[in-house]
Amino acid sequence: MRVTGLAAPLAVFFVLSGAVASSAQEQPAPAAPQAVSPQTPATPQTVSPQAPASPVQAEPVSPSVTQSAPAAPEPAAAPVATPATPAPVAAAQNDVQLTLPHDLSPWGMFINADIVVKAVMVGLAFASLVTWTVWVAKSLELAAARIAAGRALKAIGEARNLADAGRQLASRRDAGALLVQAATQEVQLSERALDHVDGAGLKERVSSRLGRIEAQAGRRMSRGTGVLATIGSTAPFVGLFGTVWGIMNSFIGISEAQTTNLAVVAPGIAEALLATALGLVAAIPAVVIYNVFARSITGYRQLLADASAGVERLVSRDLDFRATPRTALAAE
């Protein structure tokens, strides 16, 4: 009876041990760790280690044994996302890059400049052309006038009387010859009164006419130099106006493009500075040439003043000889 009572529990024990062993053999092996590429670092994953298969000698367990679920597949490393440029800004940048001038030469900057800046540049270029034209024309005119005045002064200084100077300068039409001709004409008009009055009135009238001729010759020679003074004083400010306008357009372009890239700012500023440069190119030669002409015209007027003084001396000499008795002149 005891042997039969012990045999039943032993049989149940062996049956349960065989069921546990078979379930341990059917359980899958633990997943091997995946190799991580050195180029793309993957996030380390925490893998729960699975319990190794229990040996055959296991403690008795309940018949209902739950198998562990297989390990979930390791997720792939997500690529690093770069911040995307907003679509409106990117489109504006592309449009700006397409419209930026590639030729930054003076002519290229003029072509791509604003209409107001173009007008300023054209005006300054025309002013510079006027400056050099006046310089060439006035230099030739002033040189010829100084030569003629020097010859007239020499003829007046060598003449013994007014009639002699008139004969030497009869075929001339320069300012020195006009001085002698005006004095001769005034003497002829006063010829009838000279026998009854002294020559003070004649000297005064001759001096007045000579002074007017000098002033007229000086004004004629100064004609055109006022343009040089105007260009020299206003051209820098006109160029500055073009500069301010160009820089203003550059800042407007920056606000519209929503970028501070130097490639967007540089062309407009370069065009603006070109207007300033043209203003200086027009103003500096105009000021220098005006000062040169002012000194030359002053020297020319001095030559005319010397010639006028020589004519007055001839008139005074003729009056003195007229008042001298003829017998005294014949005795000499």
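## A salt bridge between E186 and R209

In this predicted model, the side chains of E186 and R209 come together in a salt bridge, with 3.2 Å from N to O. This pair links distant parts of the chain: E186 sits in helix α6 and R209 in helix α7, 23 residues apart. How accessible is R209? Its relative accessibility is 28%, so R209 counts as partly exposed. E186, in contrast, counts as buried because its relative accessibility is 9%, below the 20% cut-off.

R205 forms a salt bridge with E186, and here the closest N and O atoms are 2.9 Å apart. Once again distant parts of the chain are linked, since R205 belongs to helix α7 and E186 to helix α6, 19 residues apart. R205 has a relative accessible area of 38%, so it is partly exposed. Which residues end up in one network? Through salt bridges that share partners, E186, R205 and R209 are joined together.

The side chains of R167 and D164 meet at 3.8 Å, N to O. Both residues lie in helix α5, three residues apart, which is about one turn of the helix.

Are these two partners buried or exposed? R167 is exposed, because its relative accessible area of 60% is over the 50% cut-off. D164 counts as buried, with a relative accessibility of 17%.

## The aromatic pairs

How many aromatic pairs does the structure hold? There are two. One of them joins W132 and W135 in an edge-to-face arrangement, with 5.8 Å from centre to centre and 90° between the planes. Both tryptophans are part of helix α4, which covers residues 115-158, and they stand three residues apart, about one turn of the helix. W132 is partly exposed at 42% relative accessibility, and W135 is partly exposed as well, with a relative accessible area of 37%.

The other pair is made by F241 and W245. Their ring centres are 6.2 Å apart and their planes meet at 45°, so this pair is tilted. Helix α8, residues 225-257, holds both F241 and W245, four residues apart, about one turn of the helix. F241 counts as partly exposed at 44% relative accessibility, and W245 also counts as partly exposed, at 29%.

## The nonpolar cores

The largest nonpolar core has 22 residues. Which of its residues touch the most other members? They are I156, L162, L169, V180, V311 and V315. Several helices contribute to this core: α4, α5 (162-168), α6 (175-189), α7 (200-222) and α9 (262-323) each supply at least two residues.

Leaving aside its neighbours within four places in sequence, V315 is in contact with L162, A183, V187, L202 and V206. Another core, of 14 residues, lies apart from the largest one, and its members include M109, L124, A275 and A283.

## The whole chain

Stepping back, the protein chain has 10 helices and zero strands. Read along the sequence, its pattern is α-α-α-α-α-α-α-α-α-α. Of the 332 residues in the chain, 27% are buried.

What share of contacts joins residues at least 24 apart? Among contacts between residues at least 6 apart in sequence, the share is 79%. The accessible surface of the chain comes to about 22,200 Å², and 64% of this belongs to carbon and sulfur atoms.

Technical notes
Residues numbered from 1 in each chain as written. Predicted model: local features only at pLDDT ≥ 70, side-chain atom pairs only at ≥ 80, totals over all residues. Heavy atoms only, no water. Phe/Tyr/Trp six-rings, centres within 6.5 Å; stacked < 30°, edge-to-face > 60°. Buried < 20%, exposed > 50% of the residue type's maximum accessible area, 1.4 Å probe, protein only. Core = buried A, V, L, I, M, F, W, Y, C linked by side-chain atoms within 4.5 Å. Contact = heavy atoms within 4.5 Å. Areas by Shrake-Rupley, 256 points an atom, 1.4 Å probe, with all protein chains shown as cover. Salt bridge = Lys/Arg side-chain N within 4 Å of Asp/Glu carboxyl O.
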